[in-house]
Amino acid sequence: MITFEDVVKVYPGGSTAVDHLSMELPTGKMTVLVGPSGCGKTTSLRMINRMISPSAGRILIDGEDVTAKDEALLRRGIGYVIQHAGLFPHRTVLDNVATVPVLLGETRRAARAKALALLERVGLAEEFAKRYPAQLSGGQQQRVGVARALAADPPIMLMDEPFSAVDPVVRLQLHDEFLRLQQDLGKTIVMVTHDIDEALKLGDRVAVLREGGHLAQFGTPRDLVTNPADDFVSGFVGKDRGLRGLSFDDASALPVRPVEGLELDAAGKPRGGTFTKADSLRTVIDLVISSPTGVAVRVGPDGAPDGLVSHHDLADYLASRRP
Amino acid sequence: MIEYLRNNHVIVWQALQEHLYLALLPVLLGFVIALPLGYLAVRFPRLYHPLTNVYGILYSIPSLALFVFLPVILGTKVLSPINIVVALTIYTVALLARTVADGLRSVDAVVVQAATAMGYRRTRRLISVELPIALPVILAGLRVATVSNISLVSVGSLIGIGGLGQLFTRGFQLFYMEPILIGVILSVLLAAIADLIIVLVQRAITPWTRVA
């Protein structure tokens, strides 16, 4: 667990970047710090590995003050990923990834073996190992950046706008890969972004910060969407909160009507989209709206249609859910 | 010319060796001195402009004046090769200290920050991240310093110090073209070869600059 205890950061010149910030970031979960520029999110992140030192307050990792440890040793135990990856241009991809194990005293050979395994893990073929960063696309560089941060298997990872420099298609792909990776690894991750959609999608917890370094709300994505603490948070989360909130609920309780009069397309599949009980209500709404037949088809685990949902069914169900 | 070489190869060979020694020893000394001086200008940004100005002024002192005045300052004999070595070392330092500073400043701040966040301490970061990335700029400065030293050594012959410049003075005194020609050709060749060697070394140790 990473604990912020009444942390303040005032920069020389008097501007307050972080103002009495207290929060607890749970172990094994991903916490996203999100907010407009100037809200102190990056400053907060960098105080964890002491790239920046607080003016007041303490930051604890599992109860131990981060200032108790030698700063270089502390940093070797915390993975770090930044925007544009920040790879070392003079080292091959493999040696970039091997950086921290070498710093920790492993032989170059052992570190490289570890690095090679990690490249595969982040979805880069072996042929990339010998290349230099300049030979990689932005998305590939960012994957190397993630592999480099993971190389010494640190329990904590800090990520500063890791996905914001790549194009939207690649970003979505990296999100999904990253979620899968995190599911396996269960690291304690702190990520900074200015993109609320990214925060709600990736975070187990989201800390919304506002200008001047105030914590506006700390909670799960669902909390933020369904229960924003104030106008700032609801404004930041966006106008389509209602619809967005439906992405946190699955379709298991959505009543369906029996399958009859099903229209099949040329391939023998039901026209209109299909969904399962595990899909979100938001997905179902989208299917119903875009379906040429006005109904979405629910399929069972075996893929066979077992129910239909129309516009009216959805409207009735949503009305019945109102508190 | 062949005839002259055949009769005087001992003198020419010795002049060539002296020339190399007088030109390259200052490059080596200057490089070693310039590294910390250049680093200083980067480590303490407020020093960058004052220091680089001093390096600029040093570089603008006319070489002949320096050769003549150094014995007065150092207390060396007028004909001592030490004067040449010291003078050329000063030029090399003036040139390279600035190049080292600019090379280190050319390293992307994001990369330095990443290195720090990985857990590099300052010295190791300088040696294994910042200096290697600054190498292309530093080596470009080294090429200029080497070539300019090789040509400046010839000036030393005006105050009676060895090197290929001796062949010029000898030719002028005897109204005899051969030694002058040989001196010119050899010093140009020397400069070209030294330059080529640095370029080859650079290619070998900075492979990342030739990709993509």
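This is a predicted model: local features need pLDDT of at least 70, side-chain atom pairs count only at pLDDT 80 or more; totals for chains, interfaces and linings use all residues.
Me: Before we start, which pLDDT do local features need here?
Reply: Residues are numbered from 1 along each chain as its sequence is written, with chains lettered from A and ligands numbered from 1 in the order in which they are written. Side-chain values use heavy atoms, leaving out hydrogens and water, and side-chain atom pairs count only at pLDDT 80 or more, while totals for chains, interfaces and linings use all residues and local features need pLDDT of at least 70.

Me: How far apart are the centres of the two domains of chain A?
Reply: Chain A splits into domain 1 (2–246) and domain 2 (250–321), with bounds from an automatic or database domain assignment. Their contact (heavy atoms within 4.5 Å) takes 4 residues from domain 1 and 6 residues from domain 2. Taken over C-alpha atoms, the separation of the centres is 38 Å.

Me: Is A:Asp249 buried or exposed?
Reply: A:Asp249 sits in the loop between helix H11 (241–245) and strand E11 (274–275) of chain A; helices (H or I, at least four residues) and strands (E, at least two) are DSSP runs, numbered from the N terminus. Leaving aside neighbours within four places in sequence, A:Asp249 is in contact with A:Arg222, A:Asp279, A:Ser280, A:Leu281 and A:Arg321. Buried means under 20% relative accessible area, exposed over 50% and partly exposed in between (1.4 Å probe, protein chains only). A:Asp249 has 19% relative accessibility, so it counts as buried.

Me: And which residues does A:Ser234 touch, not counting those up to four places away in sequence?
Reply: Look in helix H10 (residues 231–237) of chain A for A:Ser234. With 18% relative accessibility, A:Ser234 counts as buried. Its contacts, with that sequence limit, are A:Pro228 and A:Arg241.

Me: What is the volume of the largest cavity?
Reply: On a 1 Å grid over the protein atoms alone, a cavity is a set of points where a 1.4 Å probe fits but cannot get out, and a pocket is an open set with protein on both sides within 12 Å along at least five of seven lines; lining residues have an atom within 4 Å of a point. Grid points are joined across faces, edges and corners, and a volume is the space filled by probe spheres set on the points. There is 1 cavity of 30 Å³ or more. The largest cavity comes to about 60 Å³.

Me: Which element gives the largest share of the lining of the largest cavity?
Reply: Both chains take part, with B:Ala117 and B:Met118 among the lining residues, as well as A:Tyr80 and A:Val100. The lining divides into 8 nonpolar, 1 polar and 3 charged residues (Ala, Val, Leu, Ile, Met, Phe, Trp, Tyr, Cys and Pro count as nonpolar, Asp, Glu, Lys and Arg as charged, and the others, Gly among them, as polar). The largest share, 3 residues, is from E6(A).

Me: How many charged residues are in the lining of the largest pocket?
Reply: The largest pocket has a volume of about 300 Å³. Of its 14 lining residues, the closest to the centre are A:Asp197, A:Glu198, A:Leu200, A:Lys201 and A:Arg244. By class, the lining has 4 nonpolar and 2 polar residues, and the number of charged ones is 8.
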